[in-house]
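The questions below are meant to be read with the model open alongside.

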Amino acid sequence: MAQNRLAHSASAYLRSAQHQPIDWYEFGEEAFKKAEELDRLILLDIGAVWCHWCHVIDRESYENPEIAQLINDNYIAIKVDRDQRPDIDARYQQIVASMTGQGGWPLTAFLTCDGRVLYGGTYFPPEVMTTLLTQLPLVYQEQKDQIMQESLTKVSQADLDKSLASNEAEARHPIPEDVFERLLNSIDSTYDSENGGFGVYPKFPHYSTLAYLIQQAHRAVDPAKTKELKQVIDRTLTEMARGGVYDHIGGGFHRYSVDRFWHVPHFEKMAYDNAEALLVYAQAYRMSPSPLYLETIEGILNFLSQTLSDPVQGGFYASQDADIDLNDDGDYFTWTMEDVQEALSSHEAEVIVPYYDVTPEGDMHERPGRNVLRIRKNLSEVAKTLGISLEECMERLYAGRQKLAAKRMMRPTPYVDTTIYLNWNGMILVGYFEVADLLGKQEALVYACKTLHRLLNTHVDREKDILLHSEGVPGFLDDYAWMVAALLRANQSTGDERYLSEATHWAQRACELFEDAQFGGFFDIPAPAENAMALLKFRRKPTEDNPSSSANAVMIRNLIRLFHITEDTVYHEKAAKALAMFGRELSGRNGVFVSALAIALFEFRHPPVRLEVLGRQAELHEAALGVFYPGKIVVHRPDDAPAEVRLCEGTRCMMPVRQVADLETAVNALKGIPV
């Protein structure tokens, strides 16, 4: 079968279309020049290798010879991987959503030769696609002059300037004095007290919101407030870990739940989701030591190490697909009653079936009989019903899970995208350093350092002095923010000054490339070239956690940490200027979506506790790392001074601590000191 020009793309998603009978282009100057030369509209497809409906539209439309002929005869076709080019995706999502009221993947847009959107949507069934492909060129040729003049009327240039580049004058909105109370009230208004989580459905984890609640619960002076916040955290994390959104056999979380009960997920498993889940569950475990949390942490680590890791060179892959092909719907991850009974002994099955709520009917509407495993009963209930001890019940459960895992390994495995994206790797590294510090997992520390060394070799262009998002793609703000965050955490965990030197350098480069020097805050892309397409000249200031922590929030937290580590006031000034830029976002109306910014603001107003470890006593450094205090900073100064830990908060310091046993008590005493 003939290949198109996507055969040699660095993107797995684009390569998956190499045998389609369409003359696809990658996004770039060549495609737009060709459209102008031939006076054609552009068909833009934006999707991802893990996206189920992207593969559906591929099969139904882009692999259909008649539809392909329509496209080749009348359009220039461009395919974009949203993971590889989040900058392109963000801008076209914004425009199509403003025109139609919704976005998502696949994103299907019809563009003029200069990249403006004439019409767009998400998934179009083949009959609709055929109609659009047939009619739009006729409309374009008949009304070309008007279209070229007015194709931005629905989304005017002023609207784009406001939504994509931030209107600085409007954004300078004072941050309310009671901002943290407002944000907590906003979050509470969306809280599902029955099932945990926020909103109704589809239900996303909102890990940044959970991290913010952990921060607030830990620092709250009022015990009643702490209890209330911990109930929200524990309910949500427990229901997620017990639900079908968690993979009880292979570990790790699926992307989101299609229902409010955390039961039936979209089955793709993303690096970024599991990165922030790891961080949040580690902190939650230290705050409320639940065995379920610890088991969940182990499961996430198992999934990342077994499925999304390069064990030889280090590094974390991007994602695992939901499906084997379009004829299944999560079949790799789901089970029929017959599957379970065939894999297990009768004694194991009589534990597994009630514990994970396996039924003959199943719970997949499109796949009758298939079950998404979820914990519906406590193991003690199952043991009591069976008349056996809890210990024997646990033995049967663990033995049964191992057999189910072995049986699942015999199935065709969903595709893993082995692309290593810098931002997602940085996120996972932050989580790995957190579990290494808080839970003492040495293997996580070793692999994190190995990965960081690889990234410094493969995702750094020293000649141009830039970071790379992935092969051949210059880095975005997200990449710099998370790389700096990972380097700062590496310095904290190891005491290696080289990591601090790298973090300082790339933070400075991020400011040079992305900072709005006039108004504050950070743009998502560097200043565009003069000849850049009009749409790509608009620079956004991402503030929403959608779904991961916003790049501005991560970058501001980096600046705050650098200030408290180096005492260089430039970092403090830049953080203050950036936070002042986002007063409207922090007004308290959308707490769930700006929680990472809220964390940054709290750390700015309430300086993180800083533990300065002096001397060469490794036990003191390990103890300082192991102390639970959200946002804490550990600085290791391995000199010949007497071994001690200096506890500071801002400019205020306590008496040094010299005994490991006294350290956590001394740190926790800071909670009650007004700041």
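What follows is a set of questions and answers on this predicted model.

Q: What is the mean pLDDT of the chain?
A: The model is predicted, and pLDDT is the predictor's confidence in each residue on a scale from 0 to 100. In this chain 96% of the residues reach 70 or more, and the mean pLDDT of the chain is 92.

Q: What percentage of the residues of the chain count as buried?
A: The C-alpha atoms fill a box of roughly 80 × 70 × 45 Å along the principal axes, and the accessible surface comes to about 27,500 Å², of which 50% belongs to carbon and sulfur atoms. Among contacts between residues at least 6 apart in sequence, 68% join residues at least 24 apart. Of the 675 residues, the share that counts as buried is 59%.

Q: Which cysteine forms a disulfide with Cys-51?
A: A search of the whole structure finds two disulfides, and with the bonded cysteines numbered in sequence order the pairing is 1-2, 3-4. In the link that involves Cys-51, the sulfur atoms are 2.4 Å apart, which falls within the 2.5 Å cut-off for a disulfide. This link is right-handed, with 80 degrees about the S-S bond, and both of its cysteines are buried. The partner of Cys-51 is Cys-54.

Q: Is Cys-653 buried or partly exposed, and what is its relative accessible area?
A: A disulfide joins Cys-653 to Cys-648, with an S to S distance of 2.0 Å, and this link is right-handed, with 100 degrees about the S-S bond. Cys-648 is buried, with a relative accessible area of 2%. Buried means under 20% and exposed means over 50%, so Cys-653 is partly exposed, with a relative accessible area of 43%.

Q: Why can strand β4 be called largely enclosed by the rest of the structure, and how many of its residues are buried?
A: In a regular strand the side chains alternate between the two faces of the sheet. Leu-107, Ala-109 and Leu-111 point one way from β4, while Thr-108 and Phe-110 point the other way, and all are buried. Strand β4 (residues 107-111) is largely enclosed because the number of its residues that are buried is five of the five.

Q: Which residue of β5 is the bridge partner of Phe-110?
A: Strand β2 (residues 41-47) runs antiparallel to β4 and is joined to it by five bridges, with Asp-45 standing opposite Thr-108. Strand β5 (residues 117-121) is also antiparallel to β4, with four bridges between them. The hairpin of β4 and β5 has five residues between the strands, and within this hairpin Gly-115 takes a positive phi near 95 degrees. In β5, the bridge partner of Phe-110 is Tyr-119.

Q: How far apart in space are Tyr-62 and Gln-20, C-alpha to C-alpha?
A: Tyr-62 lies in helix α3 (residues 52-62) and is buried, with a relative accessible area of 0%. Beyond four places in sequence, the residues that Tyr-62 touches include Gln-20, Asp-45 and Thr-108. Tyr-62 and Gln-20 are 42 residues apart in sequence, and their C-alpha to C-alpha distance is 6.4 Å.

Q: Which residue of β10 stands opposite Ser-319?
A: Three strands form an open antiparallel sheet in the order β8-β9-β10, with β8 (269-270) and β10 (416-417) as the edge strands, each of which pairs on one side only. Strand β9 (residues 319-320) is joined to β10 by two bridges. The residue of β10 that stands opposite Ser-319 is Asp-417.

Definitions and conventions
Residues numbered from 1 in each chain as written. Heavy atoms only, no water. Buried < 20%, exposed > 50% of the residue type's maximum accessible area, 1.4 Å probe, protein only. Contact = heavy atoms within 4.5 Å. Areas by Shrake-Rupley, 256 points an atom, 1.4 Å probe, with all protein chains shown as cover. Pairing = 2+ DSSP bridges.
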